[in-house]
Every structure is written in structure tokens, then in C-alpha cells.
Amino acid sequence: MHFTGEVEFGLIDGETKVELEIAQFDYFLNDYATLVVGKMLLPFNTYSERSHPAWISKLPTAPSIYGSHETGGGLLPVLSDLGVQIRGGVAIPLAKGSKINYSFYAVNGPTISANTDGMNMETTFGENYNDNNSNKTIGG
């Protein structure tokens, strides 16, 4: 078993903002599979899971696929989400010492809200802790 948590602190307009970035529980089922539950980083690519922390990433901004924390604007609205994941690695017989890593997940998915003000329209994405539409986002 393994637990990982990350809290993010920020200062916005003189007020402290505290946000839970991730809180995940990993249960090692066997040598080839791990069950992950909680608010986890989405395994969309290597940046989100392995390079996004400030002490690792030396990039001034996140890759454009993610946009920014303040303005959004990327293809992926969130880095982390609430759900379940199965991941691991399996040896392949084609090349000695080689293995294939895999990850499959189901999460609540982001909330989407649209505000219309006369001729202006704004769409915002946010985290979905309540799963207000009973649909899940799946990936692998």
C-alpha cells in the first residue's frame, strides 16, 4: 500500500487559497498490477505524472496542451481528477528484458459551465467532485 498527497497554497488578492492537488491511495495487487483510487494525476502523458511538480519541471509554463492554472485554454481542462485506475507492467517475450506499461482509468470528468452575457460567451471547466451528470471519463 502507498499513499500520496499534495496540497497547493497560493495567494490571490490578499487571501490564501488552499487546494488539494492530489490524494491517492495505491494498492499493489500483484507484481503486474496496481489499483489506484482517489484524486490522482491523469495518466494522459509523461508530463502530468512525472514532470509537472515545480521541483522537477524547469519549464516557465506547462505544455500548451494543458493551458495554465489561471486561464485554462488547453485541450485538457484539468491535470487531476477523482476516480479509479489500474496500472502496471507486463514482460513481453519479443525482446529479453522488455516490458509494456499500461494504465486504464475511469474518473468523474470535468464540469462544464457556459455563461452568456448578451453577445459574450464564456465556457469554464472545473473539477467535478459530485459527478452531477452520472457520466464518466475513461482513458488508457
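The second largest pocket holds about 240 Å³ of space. A pocket here is found on a 1 Å grid over the protein atoms alone, as an open set of points where a 1.4 Å probe fits, with protein on both sides within 12 Å along at least five of seven lines. Grid points are joined across faces, edges and corners, and the volume is the space filled by probe spheres set on the points.

A word on the source. This is a predicted model, in which local features need pLDDT of at least 70 and side-chain atom pairs count only at pLDDT 80 or more, while totals for chains, interfaces and linings use all residues. Residues are numbered from 1 along each chain as its sequence is written, and side-chain values use heavy atoms, with hydrogens and water left out.

Back to the pocket. Its lining has 16 residues, a lining residue being one with an atom within 4 Å of a point. Arg-50, Arg-87, Gly-88, Asn-101 and Tyr-102 lie nearest the centre. Helix H1 (46-51), strand S6 (80-91) and strand S7 (99-107) each supply at least two lining residues. S6 gives the most, with five. By class, the lining has five nonpolar, six polar and five charged residues. Ala, Val, Leu, Ile, Met, Phe, Trp, Tyr, Cys and Pro count as nonpolar, Asp, Glu, Lys and Arg as charged, and the others, Gly among them, as polar.

Now the overall layout. The protein has one helix and ten strands, in the order β-β-β-α-β-β-β-β-β-β-β along the sequence. These are DSSP runs numbered from the N terminus, with helices (H or I) of at least four residues and strands (E) of at least two. Of the 140 residues, 25% count as buried. Buried means under 20% relative accessible area, exposed over 50%, and partly exposed in between, with a 1.4 Å probe and protein chains only.

Next, the surface. Which residues form the nonpolar patch? They are Met-1, Phe-3, Phe-25, Tyr-27, Leu-29, Leu-35, Val-37 and Val-84, with about 740 Å² of accessible area together. Areas come from the Shrake-Rupley method with a 1.4 Å probe. Patch residues have over 30% relative accessible area and no salt bridge, and nonpolar side chains (Val, Leu, Ile, Met, Phe, Trp, Tyr) are joined within 5 Å. Strands S2 (15-30) and S3 (33-41) each supply at least two of the patch residues, and S2 gives the most, with three. Phe-3 lies in strand S1 (residues 2-12) and is exposed, at 55% relative accessible area.

How many salt bridges are there? The count comes to one, taking a side-chain nitrogen of Lys or Arg within 4 Å of a carboxyl oxygen of Asp or Glu. Glu-19 pairs with Lys-17, the closest N and O atoms being 3.3 Å apart. Side chains of opposite charge can pair when their charged atoms come close. Glu-19 is partly exposed at 27% relative accessibility, and Lys-17 is partly exposed at 40%.

Leu-20 also lies in strand S2. Its C-alpha atom is 6.1 Å from that of Glu-8, twelve residues apart along the chain. Leu-20 is partly exposed, at 43%.

Between S1 and S2, the loop contains Asp-13. Phi of Asp-13 is near 50°, a positive value in a residue other than glycine. Asp-13 is exposed, at 78%.

Last, Thr-137, in strand S10 (residues 137-139). The C-alpha atoms of Thr-137 and Ala-106 are separated by 5.6 Å, with the two residues 31 apart along the chain. Thr-137 is partly exposed, at 31%.

Technical notes: Patch = residues over 30% accessible without salt bridge, like charges linked within 9 Å, V, L, I, M, F, W, Y side chains within 5 Å.
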